[in-house]
Amino acid sequence: MVTLLLDSTQLEIVLSGAEKALSFRRGNVRIDRSTIAKVQLTDDAWTWLRGVPSPGTHVRGVIAMGTWRSAGGDDFAIIRRHRPSVVIDLNGGAEYQRIILTTRHGLALVQALNLDVGDGAPTDVVDIATGTIPVLPEPESGVAAPAKKRRPRAAPAL
């Protein structure tokens, strides 16, 4: 699992030794925060891959790591199975056009990147991720609650 380090000027994707070997990369990926155009959460990162791995490792549906070259530009991907992921689109001038990462901290990353740091606001991704989660208010007495799905019962054996 990649480690994401975010400060006021850059986002650093820290790769383990295995991830460096499979992605054919010597160091970590560093992105200037000013080049980040859009961040999206996705349940299936495989739909976001474009082009061919060059250099990189690809086992369909299992793993995709490394640089992906296409007519639209170069992308960097660290994808494992069909797990929640984050897609980071970058402006021109960056090494890559898009970064696709499988991570369970995607929501915290999106919140941290959208955060205007002010008085008393959390500045660390961990503080944001462990903070309170907004909850929808209870429905009023006149509003019907959504119907629960019925589970089929097993028929008795004859």
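Student: What lies over the face of Phe76?

Tutor: Arg25 does, at 5.8 Å from the ring centre. One part of the test for a charge over a ring is that CZ of Arg comes within 6 Å of the ring centre, so 5.8 Å passes that part. Keep in mind that this is a predicted model.

Student: Are Phe76 and Tyr96 buried or exposed?

Tutor: Both are buried. That means each has under 20% relative accessible area.

Student: How much of the protein chain is buried?

Tutor: Buried residues make up 32% of its 158 residues.

Student: What makes the largest nonpolar core a core, and which residues touch the most other members?

Tutor: It has 19 residues. They count as a core because they are buried nonpolar residues joined through side-chain atoms within 4.5 Å. Ile13, Ile31, Ile88 and Ile99 touch the most other members. Several elements supply at least two residues each, among them strand E2, strand E3 and helix H2. E8 gives the most, with three residues.

Student: Which residues is Ile31 in contact with?

Tutor: Leave aside the neighbours within four places in sequence. Ile31 is then in contact with Thr9, Gln10, Leu11, Ile13, Ile36, Leu90 and Ile99. Each of these counts because heavy atoms come within 4.5 Å.

Student: Which residues does the second core include?

Tutor: Trp46, Ala77, Ile79 and Ile100 are included in that separate core of nine residues.

Student: On to the sheet. What is the order of its strands?

Tutor: The sheet is open, and its six strands go E4-E8-E9-E7-E6-E5, with mixed pairing.

Student: Why are E4 and E5 called edges?

Tutor: Each has a single partner strand, so one side of E4 and one side of E5 have no neighbour in the sheet.

Student: How do you know that E5 and E6 pair?

Tutor: Count the bridges. Two strands pair if there are at least two bridges between them, and E5 and E6 have six, so they pass. They run antiparallel.

Student: What about E6 and E7, how many bridges do they have?

Tutor: Eight, again in the antiparallel sense. Here Arg69 stands opposite Asp74 in E7. A hairpin joins the two strands through two residues.

Student: And how many residues are between the strands in the hairpin of E5 and E6?

Tutor: Three, and Gly61 in that hairpin takes a positive phi near 80 degrees.

Student: What makes E6 mostly covered?

Tutor: Six of its eight residues are buried.

Student: Last one: where does H2 lie?

Tutor: Across E4 and E8, running at about 150 degrees to E4.

Note on methods. Residues are numbered from 1 along each chain as its sequence is written. This is a predicted model: local features need pLDDT of at least 70, side-chain atom pairs count only at pLDDT 80 or more; totals for chains, interfaces and linings use all residues. Side-chain values use heavy atoms; hydrogens and water are left out. Buried means under 20% relative accessible area, exposed over 50%, partly exposed in between (1.4 Å probe, protein chains only). Helices (H or I, at least four residues) and strands (E, at least two) are DSSP runs, numbered from the N terminus. A charge sits over a ring if NZ of Lys or CZ of Arg is within 6 Å of the ring centre and within 35 degrees of the ring normal. Axes are lines fitted to C-alpha atoms, for helices over the stretch in contact, and angles run from 0 to 180 degrees between N-to-C directions.
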